[in-house]
Amino acid sequence: MLDTQQDGYLTADGRQIGPVVLELKNITLRFGGVEAIKDISFDIRTGEVRAIIGPNGAGKSSMMNVISGFYNPQEGDVIYKGYKRAKMAPYQVARTGIARTFQNIALFEGMSVLDNIMTGRMNLMKTGFLSQALWWGRAAREEDEHRAAVERIIDFLEIQHIRKTPVSRLPYGLKKRVELARALAAEPQILLLDEPMAGMNVEEKEDMSRFILDVNDEFGTTIVLIEHDMGVVMDLSDRVVVMDYGKKIGDGTPDEVRGNQAVIDAYLGVTHD
Ligand SMILES: Nc1ncnc2c1ncn2[C@@H]1O[C@H](COP(=O)(O)OP(=O)(O)OP(=O)(O)O)[C@@H](O)[C@H]1O
């Protein structure tokens, strides 16, 4: 078991995992009479790949939405970088360094790949419309910097050949990669990926897995992902939280979770009291 008090540790493959960056404390989220999340606590460490898994309707997306600020839980606290996070809108959360992708692709279909990725930098843009009009030089310089950053991401994710292509013309797997690129353009410290491989074939899944690990490695980005493909989850993740019917039923390394009887039961469909 991990000692959550220690500052960090080295993984078996030599990656440095840092201290806790985000902590969810006794989170309860209700939709009317439905308790989607029931008193769940867990933490996310700097630099790790943290998965949230569980059967359909377990509450995974709801939890992701709590982290991204889309939902405010009725009970519990989100502690980010040591401070309790106040209620805030998702765009404010994004400004604190948390970016996300969606379960269903949410790109601007009519716009080019390049322009879609550029929208990911909105939160980082300093010069607004007025200063662009009044102080063109500075705005132009800033625009150049944003374009250069976007080009680096395009190279990194190997999508140079489609940079001018409208998103609507891309196959599904590439759209998912463009979504990843747009989220990365925000230069997040924590990247939330909601089913990044859903609907992909084996080859596309392998590519996406490689890119996720490369992002984690190259930029030190902390990754939180929801994924149904167990092979992928166990390969990619440092630690896994398991949810079932809104409760946390497991939390640990892939090996620990694999051997957890409650987790095995949930996946085999054993009924609970
Ligand atoms: N906006 C909402 N309004 C009402 N109920 C909701 C809402 N969002 C989620 N729920 C309910 O909360 C529970 C958890 O849903 P959630 O989508 O978080 O699960 P999930 O684990 O992500 O499922 P899946 O794997 O199918 O995406 C479900 O019972 C769902 O019907």
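This is a predicted model: local features need pLDDT of at least 70, side-chain atom pairs count only at pLDDT 80 or more; totals for chains, interfaces and linings use all residues.
I shall begin with the ligand. Its surroundings are formed by F31, V34, A36, G54, N56, G57, A58, G59, K60, S61 and S62. Two elements, β4 (34-45) and α1 (60-67), each supply two or more residues to this shell. Which of the elements gives the most? The answer is α1, with three residues.

Six strands make up an open sheet of mixed pairing, and their order is β8-β9-β10-β5-β11-β12. Why is one side of β8 and of β12 left without a neighbour in the sheet? Strands β8 (98-101) and β12 (247-252) stand at the edges and have a single partner strand each, so one side of each has no neighbour there. From one strand to the next, the twist averages 15°.

In general, the strands of a sheet pair through backbone hydrogen bonds, in either a parallel or an antiparallel manner. Here, β8 and β9 (residues 190-194) are paired in the parallel sense, over four bridges. Within this pair, A99 stands opposite L191 of β9. Helix α6, residues 172-185, packs on the sheet and touches both β8 and β9. The direction of α6 makes about 170° with that of β8.

Definitions and conventions. Residues are numbered from 1 along each chain as its sequence is written. A residue is near a molecule or strand if its C-beta atom, placed from the backbone, lies within 6 Å of it. Two strands pair if DSSP finds at least two bridges between them. Axes are lines fitted to C-alpha atoms, for helices over the stretch in contact, and angles run from 0 to 180 degrees between N-to-C directions. Two residues are in contact if their C-beta atoms, placed from the backbone, lie within 7 Å.
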